[in-house]
Amino acid sequence: MPNLSPMAVQTPKACNSKKSLIFFSNQPNVLFNLAICQKALQLQEDSILSYKKAIEIDPTYTTPYCNLGILFSDQRKFDDAIQSYQKAIELDPKDPDPIYG
């Protein structure tokens, strides 16, 4: 699992707040950290939405695609997982993360 920023580690309660998503809605790296926190809090659907929002803002940001693949695999949505991994590989063919999931 990717490293969390110090802010995300120190403020896990903020991860469960809709206000956090609204406040940081234009910063893909913050949305990415929010998604990691949400997953840790067993909020998979919220996590998926945060990853998708990060991708919407920056479609070249590969790591959210990898993490979406993991979430979709956990949910047994294998077609979605494969699609996410393939997009990450397309964007950065040298990154081993989507290959090894």
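1. Start with Asp 74. Its relative accessible area is 52%, so Asp 74 counts as exposed. The cut-off for that label is over 50%. Keep in mind that this is a predicted model.

2. Next, the partner of Asp 74. Its side chain meets that of Lys 39 in a salt bridge, at 3.7 Å from N to O. Lys 39 sits in helix H3 and Asp 74 in helix H5, so the pair ties together parts that are 35 residues apart in sequence. Side chains of opposite charge can pair when their charged atoms come close.

3. How many salt bridges are there? The count is three. A second one joins Lys 53 to Glu 56, with their closest N and O atoms 3.6 Å apart. Both of these residues belong to helix H4, and they are three residues apart, about one turn of the helix. Lys 53 has 29% relative accessibility, so it is partly exposed. Glu 56 reaches 60% and is exposed.

4. Another salt bridge links Glu 90 and Lys 87, at 3.2 Å from N to O. Because they are three residues apart in helix H6, about one helical turn separates them. Glu 90 is exposed, at 55% relative accessible area. Lys 87 is partly exposed, at 28%.

5. Now the overall plan. The protein has seven helices and zero strands. Read from the N terminus, the order of elements is α-α-α-α-α-α-α. The chain has 101 residues, and 36% of them are buried. Take the contacts with a separation of 6 or more: residues 24 or more positions apart account for 46% of them.

6. Just after H5 comes Arg 76, with a positive phi of about 65 degrees.

7. Which residues of H5 are buried? They are Thr 62, Pro 64, Tyr 65, Cys 66, Asn 67, Leu 68, Gly 69, Leu 71 and Phe 72. What do the buried residues of H5 pack against? Their partners are helix H3 (28-40), helix H4 (44-57), helix H6 (78-91) and H7.

8. Is Ser 84 buried or exposed? At 7% relative accessibility, Ser 84 is buried. Set aside its neighbours within four places in sequence, and Ser 84 is in contact with Tyr 65, Leu 68, Gly 69 and Phe 72.

9. Now the aromatic residues. The structure holds two aromatic pairs. One of them is Phe 32 with Tyr 51, a tilted pair with 5.7 Å between centres and 55 degrees between planes. This pair links distant parts of the chain: Phe 32 is in helix H3 and Tyr 51 in helix H4, 19 residues apart. Phe 32 is buried, at 5% relative accessible area. Tyr 51 is buried too, at 1%.

10. Phe 32 also pairs with Tyr 61. Their ring centres are 5.7 Å apart and their planes meet at 50 degrees, so this pair is tilted. Tyr 61 lies in the loop between H4 and H5, 29 residues from Phe 32 in helix H3, and the pair again links distant parts of the chain. Together, Phe 32, Tyr 51 and Tyr 61 form one aromatic cluster.

11. Move on to Asp 95. This residue is in the loop between H6 and H7. Its relative accessible area is 14%, so Asp 95 counts as buried. The cut-off for buried is under 20%. Asp 95 and Thr 63 are 32 residues apart in sequence, and their C-alpha atoms are 9.5 Å apart in space.

12. Last, the surface near the end of the numbering. Ile 89, Ile 99 and Tyr 100 make a nonpolar surface patch of about 350 Å². Ile 99 belongs to helix H7, residues 97-100. With 52% relative accessible area, Ile 99 is exposed.

Technical notes
Residues are numbered from 1 along each chain as its sequence is written. This is a predicted model: local features need pLDDT of at least 70, side-chain atom pairs count only at pLDDT 80 or more; totals for chains, interfaces and linings use all residues. Side-chain values use heavy atoms; hydrogens and water are left out. Patches are made of residues with over 30% relative accessible area and no salt bridge: like charges are joined within 9 Å, nonpolar side chains (Val, Leu, Ile, Met, Phe, Trp, Tyr) within 5 Å. Accessible areas come from the Shrake-Rupley method with a 1.4 Å probe; for residues, only the protein chains shown count as cover. A salt bridge is a side-chain nitrogen of Lys or Arg within 4 Å of a carboxyl oxygen of Asp or Glu. Helices (H or I, at least four residues) and strands (E, at least two) are DSSP runs, numbered from the N terminus. Buried means under 20% relative accessible area, exposed over 50%, partly exposed in between (1.4 Å probe, protein chains only). Contact means heavy atoms within 4.5 Å. Rings of Phe, Tyr and Trp (its six-membered ring) pair if their centres lie within 6.5 Å; planes under 30 degrees apart count as stacked, over 60 as edge-to-face and the rest as tilted.
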